[in-house]
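Here is a friendly walk through the model shown below.

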Amino acid sequence: MSDQTVASRNLADPVARRELVSGFDASPGGSKPDSILLVDKITRQFGGMTAVDVEHLEVQRGLITALIGPNGAGKTTFFNLITGFDRPTSAGKGAHWAFDGRTLDKTSASSVAQAGMVRTFQLTKALSAMTVIENMMLGAQNQAGENLFKSMFRGSWRKQEQEIEAKADELLARFKLYEKKDDYAGSLSGGQRKLLEMARALMSDPKMIMLDEPMAGVNPALTQSLLGHIQGLRDEGMTVLFVEHDMHVVRHISDWVAVMAEGRLVAEGPADTVMSNPAVIDAYLGAHHDTDLGDDALLSDEAFEQIEGEVEAEREAEEEQQ
Amino acid sequence: MDTIQLILNGMMREALSPQTAAVAIAVIGLNIHFGFTGLLNMGQSGFMLLGAYGFAISIWHDLPMVVGLLFGFGAALIFALILGAPTLKLRGDYLAIVTISAAEIIRYVGRSALLTDFTGSAQGIPGSQYRSSFTGLSFFGSGSFTLIPFNYTDVADGAAWVRVLGWAIAIAIVVVLVLRLRRGGAFNGIAQAALMGLLLVAGVFLLFFLFPVPNQRTGVNGWWVRFVAWGLVLLCTFVVYLLVRSPWGRLLRGIREDEDAIRSLGKNVFSIKMQALIIGGLFGALGGIVYVLPASVQPDSMGRSLTFFCYTALLIGGAATIFGPVLGAVIFFAARIGIKYTAAAYVPDSIMNNQQTEQFSYIVVGVALMLIVIFRPQGILGNKRELRFNV
């Protein structure tokens with residue numbers, strides 16, 4: 001499939017998306033026809049513990065990709081690594097990732113954002129002692145007034161400031177925060193802060209927005225509106241990558257799902273099929289999830305010996321690995 | 001009556017003293033560090049000392065005054081770069097540790113006997129070695145110039161009723177001013193603005209009249225130094241006002257709130273913090289230069305305690321405000337002298353002698369600082385809403 005056919009497709013149309021996704025290679029690390037983000041051999045170790053060990057991952061442009069996995073799977077660490085908030089252990093040893101054709105192996109968090117990949121945080125980072133509009137205006141890129149020498153002369157940035165404010169007003173209206181414009185961000189509710197953070201990230205006109213658990217701690221009504229906003233962004237042509245726990249949310253909005261477990265990428269696929277992938281079920285529920293421990297039949301000696309044998313074999317296998 | 005007048009005169013003299021202005025300038029710099037950017041600079045006195053050394057040593061060695069100023073600012077700039085480069089990427093506490101020790105290193109190097117030819121070691125550089133080029137610029141005439149024609153050493157020949165009446169009017173003016181400012185719209189329309197201006201001028205005039213400021217008898221051209229020092233305070237305040245209302249100032253406050261959030265928005269946090277550290281440090285150096293103009297360059301007079309005075313003044317006035325540093329510095333020094341003179345005048349020597357009143361005044365200032373931080377953490381001018389959510 002060439003790039004042109006991808007570009008010509010209208011990704012706001014669910015049928016077209018399904019058709020596009022059906023052509024993807026549904027194996028972990030499978031290639032995509034038009035990937036905006038490419039990650040290779042990225043590992044991060046904390047002491048002896050390997051938090052992230054991703055061999056290869058591609059994220060398709062213009063779709064909503066969900067990154068799921070049980071607690072401790074390394075999703076947020078992976079986010080931190082590719083957005084420059086953390087350095088991979090494999091840096092300089094084959095770690096390589098590129099965004100929109102631009103290699104990001106050694107760039108800082110700020111240049112990653114400047115390249116067009118903007119993230120939000122699991123624990124919202126609204127700047128509480130600043131007003132909502134100030135929060136928003138911080139998001140805009142290339143502000144002349146942020147230069148120390150120009151900042152003292154209002155004439156050099158007044159016009160740009162007005163444009164930025166108009167844009168911020170528009171975004172605030174879209175996220176239904178306009179009435180809160182002059183309130184301190186600290187006085188917003190948790191869900192409104194999530195909205196503010198998302199709106200602030202959009203101020204920089206990103207090509208891809210990375211949301212770290214956007215639904216955590218948000219009430220169901222607001223979740224609906226957040227989901228609507230995320231889909232709206234996709235329909236406008238933005239790429240979305242988000243980390244999420246809630247399966248319903250993932251199933252509802254994501255076009256493609258990547259599953260992480262114990263730091264590795266274990267599966268990929270469209271939302272409805274990836275859930276039935278044995279690797280995913282193992283990761284979420286454990287390999288013995290279908291063994292009924294309340295079953296009296298298991299109380300026989302043979303059954304115990306069999307389970308003990310299995311446990312023993314697993315332990316040996318683990319020791320060998322180490 | 002005369003004792004009260006003496007105490008008030010002393011407070012007025014201290015409030016207007018050029019050294020108060022010098023500390024105010026340093027506090028303005030510290031406000032950029034601590035108030036706006038959240039950088040815990042515990043070595044503002046180091047910046048001051050470097051500025052003073054750069055200025056004094058150059059002139060002492062027959063360089064022109066402009067070069068001296070450049071050396072003073074240059075030293076502070078390099079100091080800021082050296083301190084900032086390793087620490088600004090780390091958590092804020094490290095900057096505090098590094099700055100406090102670096103400031104002490106500067107002081108000890110200045111005291112070292114090896115550098116007697118440059119720094120005069122512990123004795124320091126006497127003011128007469130570098131002051132003349134500055135006083136030469138004075139257009140105030142002789143050193144005994146009096147700023148206001150009726151620079152009485154006592155008010156109205158000591159008539160008590162004139163003073164009481166004067167104080168009553170002064171207090172009334174202050175109350176009216178505060179009430180009008182609180183009500184808001186005090187400057188709407190020409191008539192209102194004119195009334196405010198008139199009240200302000202009358203108030204200032206009355207204060208000068210009631211608490212005459214005799215020249216400090218240090219052989220220094222008192223009013224010229226005062227004029228330049230307070231002129232610089234105004235200028236610095238204006239510069240800070242221009243800086244913090246701009247998008248750059250917004251970035252500073254953003255960094256104070258959450259560095260990672262700002263980084264995620266594509267801003268180079270390190271460079272902005274470095275800019276803030278340098279700008280604040282340059283204000284510190286300017287403060288140091290002004291500080292030594294009416295005195296001498298004494299390394300020990302610009303030690304840790306001066307940094308803590310700066311912090312006290314900043315917290316009294318209100319961090320992250322425009323006028324807070326100036327107000328804080330004036331109140332800090334005036335209140336300390338007020339306490340000292342009051343204790344000296346009313347507490348018998350058998351309980352507290354003159355030397356002890358000096359220490360007592362610092363104790364009271366320290367307790368007052370604690371009370372302010374507990375009960376009014378935003379300071380006098382601070383915005384409580386900016387602090388409320390900062391739990």
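## Terms and conventions

Helices (H or I, at least four residues) and strands (E, at least two) are DSSP runs, numbered from the N terminus, and two strands pair if DSSP finds at least two bridges between them. This is a predicted model: local features need pLDDT of at least 70, side-chain atom pairs count only at pLDDT 80 or more, and totals for chains, interfaces and linings use all residues. Residues are numbered from 1 along each chain as its sequence is written, while chains are lettered from A and ligands numbered from 1 in the order in which they are written.

## Strand pairing in chain A

Strand 1 (residues 35-46) of chain A runs antiparallel to strand 2 (residues 49-60) of chain A, and 10 bridges link the pair.

## Domains of chain A

An automatic or database domain assignment supplies the domain bounds. Chain A is split into domain 1 (3-126 + 201-290), domain 2 (127-187) and domain 3 (292-322). Between the C-alpha centres of domain 1 and domain 2 of chain A there are 29 Å.

Seven residues from domain 1 of chain A and 12 residues from domain 2 of chain A make up their contact (two residues are in contact if their C-beta atoms, placed from the backbone, lie within 7 Å). On the domain 1 side, four residues are nonpolar, three polar and none charged. Ala, Val, Leu, Ile, Met, Phe, Trp, Tyr, Cys and Pro count as nonpolar, Asp, Glu, Lys and Arg as charged, and the others, Gly among them, as polar.

## Where the chains meet

Chain A brings 29 residues into contact with 26 residues of chain B. Helix 4 (109-115) is among the chain A elements that give two or more residues, and helix 4 of chain A gives the most, with four. By class, the chain A side has 13 nonpolar, 10 polar and six charged residues.

## A buried leucine in chain B

Leu277(B) belongs to helix 13 (residues 269-292) of chain B. Why is Leu277(B) counted as buried? Leu277(B) is buried because 28 C-beta neighbours lie inside 10 Å. A residue is buried if 20 or more other C-beta atoms, placed from the backbone, lie within 10 Å of its own, exposed if 12 or fewer, and partly exposed in between. Leaving out residues up to four places away in sequence, Leu277(B) touches His33(B), Leu39(B), Ala80(B), Gly84(B) and Leu88(B).
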